[in-house]
Amino acid sequence: MSSTRAGAGRVLVAVYGVFALAATARSLVQLLTKADEAPLAYSLSALAGLVYIAATLGLAEVGPAPRRLAWAAVGFELVGVLTVGTLTVLDPELFPDQTVWSAYGAGYGWLPLVLPFAGIAWLLRTRPRSSDA
Amino acid sequence: MDGPLPLALIVASLVFAVVVLGYVALGRTPDWALLGLAGLVEAGALVLLVVAAVQVGGADLGGADAITLFGYLVAALVLLPIGFAWSLAERSRGATAVLAVAGLTEAFVVVRALQVWSS
């Protein structure tokens with residue numbers, strides 16, 4: 001099995017899709033209505049939304065090089081949630097408003113922390129073998 | 001928005017998610033009963049959107065809150081159809097479990113819409 005969107009991958013794509021929509025829509029509303037309150041936090045959330053969109057498309061096998069797109073997005077996501085999570089735990093006043101990745105995604109049931117690991121595990125598990133190529 | 005409808009919708013969405021998880025555990029594929037249950041939730045989401053649209057004029061909601069409210073309500077309307085489209089393209093436990101994600105998310109967005117409404 002080398003498809004990233006089959007079987008359990010379908011649930012993973014669904015969860016990524018929900019995060020893509022939620023993070024993007026929420027940060028857009030925030031940027032359009034109150035950007036001056038916490039521009040960095042909202043921009044960061046928008047960036048996270050784009051990363052989730054890329055991960056969703058990659059795992060759903062949309063586009064010319066979906067596996068590469070998925071790896072790049074999930075890798076960026078892992079670095080992002082660990083970096084922003086650590087910074088916000090060390091200095092809670094860093095951002096005036098919450099982002100998806102604040103405190104390792106504690107505000108979203110820790111899912112933002114779990115998702116990149118699930119994504120990487122799934123990409124490894126469905127890795128094409130040299131005999132398939 | 002102040003009546004029992006939002007609460008009923010939240011409960012129905014959660015029941016739907018639990019039933020789906022039962023299907024996943026038993027290895028059953030989605031059937032008409034599941035689709036019917038989803039149809040009920042969908043009808044509730046549609047009524048809620050209409051009720052909110054009618055009542056929003058008399059509510060004390062700021063522009064940003066109104067956008068957020070209808071964002072959540074429109075999400076509640078499209079979640080299940082998108083979930084079904086993605087789920088029914090494949091017959092597997094994973095594909096069925098997609099509907100549980102849709103049901104839980106449905107409950108969540110109605111909770112959020114309700115919070116925005118009462119804030």
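In this predicted model, helix α1(A) passes α2(A) in a left-handed crossing, left-handed being the case where the near helix is turned anticlockwise from the far one by less than a right angle, and right-handed the clockwise case. The axes of the two helices come within 8 Å and cross at roughly 155°; α1(A) and α2(A) are therefore roughly antiparallel to each other. Residues are numbered from 1 along each chain as its sequence is written, while chains are lettered from A and ligands numbered from 1 in the order in which they are written. Local features need pLDDT of at least 70 and side-chain atom pairs count only at pLDDT 80 or more, whereas totals for chains, interfaces and linings use all residues.

**Helix pairs in chain A**

- Two packed helices are described by the angle between their axes and the distance between the axes.
- Axes here are lines fitted to C-alpha atoms, for helices over the stretch in contact, with angles from 0 to 180 degrees between N-to-C directions; under 35 degrees counts as roughly parallel, over 145 as roughly antiparallel, 65 to 115 as roughly perpendicular and the rest as oblique.
- Helices are DSSP runs of H or I with at least four residues, strands are runs of E with at least two, and both are numbered from the N terminus.
- Helix α3 (residues 66-90) of chain A packs with helix α4 (residues 111-125) of chain A at an angle of about 150°, their axes 9 Å apart, which makes α3(A) roughly antiparallel to α4(A).
- The crossing of α3(A) and α4(A) is left-handed too.
- On the α3(A) side, the residues that meet α4(A) include Ala70(A), Trp71(A), Val74(A) and Leu78(A); among their partners in α4(A) are Pro116(A), Gly119(A), Ile120(A) and Leu123(A).
- Contact means that C-beta atoms, placed from the backbone, lie within 7 Å.

**Helix α2(A)**

- Buried residues of α2(A) include Ala41(A), Tyr42(A), Val51(A), Ala55(A) and Leu59(A).
- A residue is buried if 20 or more other C-beta atoms, placed from the backbone, lie within 10 Å of its own, exposed if 12 or fewer, and partly exposed in between.
- The buried residues of α2(A) pack against α1 (8-34), α3 and α4 of chain A.
- Just after α2(A), Glu61(A) takes a positive phi of about 65°.

**Val74(A)**

- Val74(A), found in helix α3 of chain A, is buried, with 26 other C-beta atoms within 10 Å.
- Leaving out residues up to four places away in sequence, Val74(A) touches Ala55(A), Pro116(A), Gly119(A), Ile120(A) and Leu123(A).

**The loop between α3 and α4 of chain A**

- Ala103(A) lies in this loop and has a phi near 50°, a positive value in a residue other than glycine.
- Ala103(A) is partly exposed, with 19 other C-beta atoms within 10 Å.
- Tyr104(A), found in this loop as well, has a positive phi of about 60° although it is not a glycine.
- With 18 C-beta neighbours inside 10 Å, Tyr104(A) counts as partly exposed.

**Where the chains meet**

- The contact takes 15 residues from chain B and 13 residues from chain A.
- On the side of chain B that touches chain A, α3 (63-88) and α4 (93-118) of chain B each supply at least two residues, and α3(B) gives the most, with seven residues.

Conventions: Two residues are in contact if their C-beta atoms, placed from the backbone, lie within 7 Å.
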